[in-house]
Amino acid sequence: MKGSRLVVFIVAVMLLASAQAHSQSPPAPKAPAIAQTCVACHGPKGVSTTKDTPSLAGQPDIFTQYQLVFMRDGQRQPGVMQGIVKILTDDHIRELGAYYAALPPPPAFARAEAVDADKANAIMGPRRCGNCHKDDFSGQGETARLAGQRPDYLIKSLKDFRAGVRRGRGMGAMMEVSVTLKDEEIVLIAHYLARKP
Ligand code: HEC
Ligand code: HEC
């Protein structure tokens with residue numbers, strides 16, 4: 001027992017030393033240890049390179065916290081995150097919310113199709129997307145950042161809201177605005193938003 005505690009202590013000291021050795025480069029927010037388990041899918045700096053998997057960098061703190069609580073408590077289907085969300089404590093969730101909010105947001109998703117901005121605005125304007133998500137789509141509070149998000153994930157999430165698979169915050173506002181969207185409109189606005197810096 002004593003031996004294994006000593007090993008844990010030595011490893012902890014080594015990790016601390018290597019973290020300090022790297023701290024010369026520009027100040028990056030300190031990743032909570034639990035964030036290591038997220039990297040494989042959401043990317044090392046919260047910018048996803050995996051299809052249907054969202055980037056988390058630059059999301060509002062509260063938005064990330066709510067989504068993790070929803071997935072842990074069953075209001076949102078956790079899918080492949082099922083095993084991980086179950087072990088998250090409230091403290092983990094607070095740390096993760098603050099961490100991802102402090103990371104630089106994803107750059108514009110250059111591989112998304114260039115679409116006609118007038119067409120995108122004609123779909124989004126009457127539905128007042130910018131009122132909640134902000135005019136630059138950087139998100140606020142419980143409302144997601146959309147700018148630079150992967151288009152495949154934006155399409156998936158809009159279809160989930162439209163089908164009522166995901167309800168979300170804000171009195172079901174997302175179900176209401178998405179229910180009248182056609183497939184091709186969803187694809188168009190997803191590509192438009194993904195290319196926003
Ligand atoms: C095995 C891959 C995988 C791992 C590991 C993983 N996630 Fe996810 N995560 C996903 C996928 C896929 C989704 C999209 C689920 C959906 O389509 O609704 C997601 C969604 C999310 C969302 C919702 C974001 C949004 O924009 O709606 C948050 C927040 C999140 N993950 C945080 C985390 C955190 C924090 C960890 C580590 C503790 C983690 N994830 C680990 C695959 C993963
Ligand atoms: C009344 C406020 C409101 C309006 C209007 C609104 N949204 Fe949302 N949106 C939200 C909130 C709140 C969430 C977070 C939902 C949740 O908790 O799952 C959200 C989530 C989303 C998501 C999921 C993002 C993610 O990372 O999981 C997408 C995509 C989205 N909105 C797109 C749109 C589009 C496109 C429009 C216009 C057609 C729109 N929203 C209009 C409030 C709004």
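**Helices and ligand shells**

Reader: How do α3 and α5 lie to each other?
Author: In this predicted model, the axes of α3 (residues 61-73) and α5 (residues 90-102) come within 8 Å and cross at roughly 140 degrees (lines fitted to C-alpha atoms over the stretch in contact, with angles from 0 to 180 degrees between N-to-C directions). Under 35 degrees is roughly parallel, over 145 roughly antiparallel, 65 to 115 roughly perpendicular and the rest oblique. So α3 and α5 are oblique.

Reader: Which residues of α5 do Leu 68, Val 69 and the others in α3 meet?
Author: From α3 come Asp 61, Ile 62, Thr 64, Gln 65, Leu 68 and Val 69. The residues of this α3-α5 contact (C-beta atoms, placed from the backbone, within 7 Å) divide into 8 nonpolar, 3 polar and 2 charged. Across from them in α5 sit Ile 93, Arg 94, Leu 96, Gly 97, Ala 98, Tyr 100 and Ala 101.

Reader: And α6 with α10: at what angle do they cross?
Author: Ala 117, Lys 119, Ala 120, Ile 123 and Met 124 in α6 meet Glu 185, Leu 188, Ile 189 and Tyr 192 in α10. By class, that's 7 nonpolar, no polar and 2 charged residues. The axes of α6 (residues 117-124) and α10 (residues 183-194) come within 9 Å, crossing at roughly 115 degrees.

Reader: What about ligand 1: which residues come nearest?
Author: Its shell (C-beta atom within 6 Å) has 12 nonpolar, 6 polar and 2 charged residues. α2 (39-42) and α3 each supply at least two of the shell residues. Of the 20 residues around ligand 1, the nearest are Cys 38, Cys 41, Pro 54, Gln 67 and Val 80.

Reader: Which helix gives the most to the shell around ligand 2?
Author: Of the 24 residues there, Cys 129, Cys 132, Ala 144, Gly 168 and Ala 173 come nearest. Two or more residues each come from α7 (129-133), α8 (151-163) and α9 (169-178). The shell around ligand 2 divides into 13 nonpolar, 6 polar and 5 charged residues. With 5 residues, the top giver is α9.

Reader: What pLDDT does the protein average?
Author: 87% of the residues score at least 70 on this confidence scale from 0 to 100. Residues 9-21 stay under 50, with 0 contacts beyond four places in sequence. The protein's average pLDDT is 90.

Residues count from 1 along each chain as written, with chains lettered from A and ligands numbered from 1 in written order. Local features need pLDDT of at least 70 and side-chain atom pairs 80 or more, while totals for chains, interfaces and linings use all residues.

Technical notes: Helices (H or I, at least four residues) and strands (E, at least two) are DSSP runs, numbered from the N terminus. Ala, Val, Leu, Ile, Met, Phe, Trp, Tyr, Cys and Pro count as nonpolar, Asp, Glu, Lys and Arg as charged, and the others, Gly among them, as polar. pLDDT is the predictor's confidence in each residue, from 0 to 100. Two residues are in contact if their C-beta atoms, placed from the backbone, lie within 7 Å.
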